[in-house]
Amino acid sequence: MQFWSGTAFMKTSEIVPLARMLDEAGFDGMVCSDHMIYPRELSSPYPDSSSGKPGWAPETAWPDCWVQIGAMAAVTSRLRFSNAVYIAPARPLLEVAKLVASAAVLSEGRVTLSVGVGWMREEYELMGQDFATRGKRLNEMIPALRALWGGGWVSWSGEYYQVPEMMIEPHPAAPVPIHCGGESEAALRRAALLCDGWVGFAYGWDEAASYVRRLKELRREYGRDSEPFDIMLALLEPPTPDLYKRAEDIGITAVMCAPWMGAELPAGGVERLREPIERFAENIIGKVRPV
């Protein structure tokens, strides 16, 4: 079982020292969340809210995923980095290929790309990308990225993307794993058919187990059930070693957790998080996978 934490809603200035702290404590990775902007006029409904409005203020900071990952990789030695999730089809294909490849090389292979289609039409329009075809374009973008990361003279010819023969360097020394986020049937099928894993949200036990079962069914349908496959999500249950051992037994390979959530923290900077991080590492991680 792997233990990951996130950067969403953290102070931007605290993200890099937090990564160093988690690396030292024995955590496995950090995920970065992705938004470009918050428009004054927001008409796109947020899917996880009864009001249709996001649960964060317009001034909430969403620093760029790949700038964060580059900075965190520079001060850590073992921590891996991914997204929850990166809205890849809101960007041009070559931009995504270049950013992820650069981060993979600079981090010495400690990068996973986790993609999703997102929900905010305004971001797509401001980036000059078609919102209506985002799912179909992501389905094509995934194999296209793998081709473009191959090194040497590379190209891609598809329905949505045309890339003439070129070199794009640096290229990753090893394949970058690609995971898919999203809870729709289309997203689950995308993960099962095209990706190396799936990234979920936060669930109670029964709901988490239902997503795991569905992904296993789809992977059998596509003939991929014998291949390695990662499943990462957060569990809305009291954290115990037994909980995470049971999660591993059903096929969950990584959990997202914030050890400081619910704790009474002293005032101050990022150092206030050290004690709950170290306590979680000792009481949970150390007992789930003792050295």
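## Helix packing and sheet order

The axes of helix 1 (residues 15–25) and helix 9 (residues 274–288) come within 10 Å and cross at roughly 25°. Angles under 35 degrees count as roughly parallel, so helix 1 is roughly parallel to helix 9. The crossing of helix 1 past helix 9 is right-handed. Helix 1 contributes Leu 18, Met 21, Leu 22, Glu 24 and Ala 25 to the contact. Helix 9 contributes Arg 274, Ile 277 and Ala 281. By class, that contact holds six nonpolar, no polar and two charged residues. This is a predicted model.

Helix 9 also packs against helix 8 (residues 241–250). Here the angle is about 40°, and the axes are 9 Å apart. Helix 8 and helix 9 are therefore oblique to each other. Their crossing is right-handed. On the helix 8 side, Pro 241, Tyr 244 and Lys 245 make the contact. On the helix 9 side, the residues are Phe 280, Asn 283, Ile 284, Lys 287 and Val 288. This contact has five nonpolar, one polar and two charged residues.

The table sets out the two packed pairs.

| Helix pair | Angle | Axis distance |
|---|---|---|
| Helix 1 and helix 9 | roughly 25° | within 10 Å |
| Helix 8 and helix 9 | about 40° | 9 Å |

### Around helix 1

Which residues of helix 1 are buried? They are Ile 15, Leu 18, Ala 19, Met 21, Leu 22 and Asp 23. Leu 18, Met 21 and Leu 22 are also among the residues that touch helix 9. Helix 9 is one of the elements covering the buried residues of helix 1. The cover also includes strand 1, strand 2 and helix 2 (65–74). After helix 1 comes Gly 26. The phi of Gly 26 is positive, near 100°.

Ala 263 sits in the loop between strand 10 (254–256) and helix 9. Ala 263 is partly exposed, with a relative accessible area of 28%. Along the chain, Ala 263 and Pro 276 are 13 residues apart. Their C-alpha atoms are separated by 7.7 Å.

Ser 5 stands opposite Met 30 in strand 2.

### The hairpin

How do strand 5 (residues 154–157) and strand 6 (residues 162–166) run, parallel or antiparallel? They run antiparallel, joined by three bridges. Trp 156 has Val 163 in strand 6 as its bridge partner. A hairpin of four residues links strand 5 to strand 6.

Methods: Residues numbered from 1 in each chain as written. Predicted model: local features only at pLDDT ≥ 70, side-chain atom pairs only at ≥ 80, totals over all residues. Heavy atoms only, no water. Pairing = 2+ DSSP bridges. Helix = DSSP H or I, 4+ residues; strand = E, 2+ residues; numbered from the N terminus. Axes fitted to C-alpha atoms, helices over the stretch in contact; angles between N-to-C directions. Parallel < 35°, antiparallel > 145°, perpendicular 65-115°, else oblique. Left-handed = near helix turned anticlockwise from the far one by under 90°. Contact = heavy atoms within 4.5 Å. Nonpolar A, V, L, I, M, F, W, Y, C, P; charged D, E, K, R; others polar. Buried < 20%, exposed > 50% of the residue type's maximum accessible area, 1.4 Å probe, protein only.
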